Amino acid sequence: MKFFAMNSDDAAKALANRDLTIAVFGMGKMGLPIAVTFLEAGYSVVGVDINKELVVLLNQGVAPVIREPGVEEGIRKAFNEKKFFATLSTEEALVSADIIVIIIPIIVDDNKQPKLEPLTNLMKEIGKHLIKGHLIIQETTLPIGTTERVLKPILEENSGLICGKDFGLGFSPERTYSGRVIADIITNYPKIVGGVDDQSTERISLFYDTFVEKGVIKMSSATTAEAVKVFKGVYRDLNIAIANELARIAEKIDVNFYEVRDAVNSEPAGNILMPGAGVGGHCIPVYPHFLLQNIRDLGIDSEFIVSGRKVNTSMPQHVVEKIKEELLNISRDLEKSKIVLLGLAYRGNVKEHRYSPTIDIIKNLKNTNANVWLHDPLYTKEELETIIDVKTEEDLHLILKNADCVVLLADHSVYKSITLQEMDSLTNTPYIFLDTRNIVTEKSTENRKIVKIGI
Ligand SMILES: NC(=O)c1ccc[n+]([C@@H]2O[C@H](COP(=O)([O-])OP(=O)(O)OC[C@H]3O[C@@H](n4cnc5c(N)ncnc54)[C@H](O)[C@@H]3O)[C@@H](O)[C@H]2O)c1
């Protein structure tokens with residue numbers, strides 16, 4: 001009998017004995033570490049993915065390199081102990097599984113509309129193979145209300161089963177930071193849980209409670225649980241937008257943004273974030289559009305959220321304007337200058353470039369016919385060239401040769417290994433060093449001008 005159909009005593013026993021199998025749909029940068037947390041807790045896991053090569057690799061006990069501590073060892077160990085296998089087949093996974101966890105990405109299209117089809121199609125497929133007693137947990141961030149209003153009817157229609165009676169369904173957002181996903185889930189934060197009915201909330205909570213050290217926060221519904229993740233994303237996007245806006249104003253009124261920020265943040269109510277070249281990744285830039293879609297359906301608008309997005313998406317253009325202006329100040333022609341961008345990834349030490357501001361900077365610079373080069377130690381030359389049409393070079397010293405302008409976009413550790421003095425000896429001095437991450441503490445010299453957003 002599957003977990004949701006068990007009586008309370010049997011469910012408690014199954015949890016205590018870890019006698020349950022979890023199917024995780026989406027073996028990506030989030031799905032793999034999530035699967036490892038279940039394995040570390042003692043459960044068995046079936047990993048499901050549509051990527052054939054990935055499934056073959058996982059079935060050799062090998063996890064792809066995603067720079068997430070604990071993942072490669074966790075998969076290898078569980079595979080050897082026969083606690084883990086991967087499959088392309090929804091049916092095979094559902095036969096084995098008691099609990100189904102979904103963590104496939106939902107993004108927005110060119111018109112900023114959430115693209116739900118990958119998930120709704122998956123729900124149809126799961127519905128067809130659903131067995132009485134399954135418990136389904138959505139972890140992928142969704143527009144508010146999707147689990148109850150969109151996914152539940154699809155599952156019921158395709159399975160002929162009734163939600164809350166025959167199977168359970170709920171939402172439990174992953175609240176993690178790339179690079180420390182396993183620790184965030186197991187030790188750092190409580191798990192937010194909201195079922196579409198009380199029994200689903202109860203069973204999902206009991207499950208996570210067996211290994212999440214900070215415990216579970218039970219929400220009144222799946223919809224309120226969805227709102228937690230979306231509201232947090234919007235809150236962060238707007239706070240970054242305020243930092244970006246104030247930094248741009250500081251530049252105009254001849255005030256050092258960072259000096260002011262340090263002083264403001266010296267009291268508890270002051271928490272101005274860092275400005276930057278924009279907001280990337282498939283979370284923060286996407287979730288405000290989920291909420292805008294939600295309220296648009298109700299005929300409401302939010303100028304505030306729209307403005308925040310506008311500020312953040314205009315930052316790559318601001319970076320390009322700064323490059324132009326500063327090159328002009330050292331009497332260089334933009335079209336004849338070598339501009340080296342350091343970092344395709346949207347964040348230091350994370351191999352993720354979706355919505356990365358670097359991509360917009362390259363597109364903007366290419367409109368000016370500038371001589372643009374891109375370096376990122378986390379990507380091979382071939383990978384970079386497949387992602388974007390730009391000149392690349394894997395050797396950092398080589399790419400910096402004769403550069404007129406170096407733009408630091410991702411604070412990868414590798415970039416901390418090269419000193420400004422070394423850079424001075426490679427570049428076409430005097431040159432511009434545009435530090436969008438505010439990591440350099442050195443001052444400008446006659447060989448180099450250090451430029452930052454907000455100064
Ligand atoms: N907190 C964070 O820092 C953070 C970061 C990234 C993503 N996320 C969340 O995690 C979600 C997933 O992101 P990710 O980084 O793991 O994405 P990813 O692109 O690394 O991996 C997604 C995986 O899902 C697979 N997939 C797609 N459709 C599938 C289907 N129908 N069935 C089975 N597998 C399928 C893909 O082949 C891929 O392997 C995001 O949408 C977001 O909600 C959170």
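These legends describe views of a predicted model.

**View 1. The whole protein chain.** The secondary structure comes to 18 helices and 14 strands (DSSP runs numbered from the N terminus: H or I of at least four residues for helices, E of at least two for strands). The radius of gyration is 24 Å, close to the 23 Å that the globule rule gives for 455 residues, so the protein chain is as compact as a globular protein of that length. That radius is taken over C-alpha atoms, and the rule is 2.2 Å times the number of residues to the power 0.38. Along the principal axes, the C-alpha atoms fill a box of roughly 75 × 50 × 40 Å.

**View 2. Helix 2 against helix 4.** Helix 2 spans residues 31-41 and helix 4 spans residues 71-80. They pack at an angle of about 55 degrees, with axes 9 Å apart (axes are lines fitted to C-alpha atoms over the stretch in contact; angles run from 0 to 180 degrees between N-to-C directions). That makes helix 2 oblique to helix 4 (under 35 degrees is roughly parallel, over 145 roughly antiparallel, 65 to 115 roughly perpendicular, the rest oblique).

**View 3. Residues of the helix contact.** Helix 2 brings Leu32, Pro33, Val36 and Leu39. Helix 4 brings Val71, Gly74, Ile75 and Ala78. Contact means heavy atoms within 4.5 Å. Seven of these residues are nonpolar, one is polar and none is charged (Ala, Val, Leu, Ile, Met, Phe, Trp, Tyr, Cys and Pro count as nonpolar; Asp, Glu, Lys and Arg as charged; the others, Gly among them, as polar).

**Notes.** Residues are numbered from 1 along each chain as its sequence is written, and side-chain values use heavy atoms, leaving out hydrogens and water. Local features need pLDDT of at least 70 and side-chain atom pairs count only at pLDDT 80 or more, while totals for chains, interfaces and linings use all residues.
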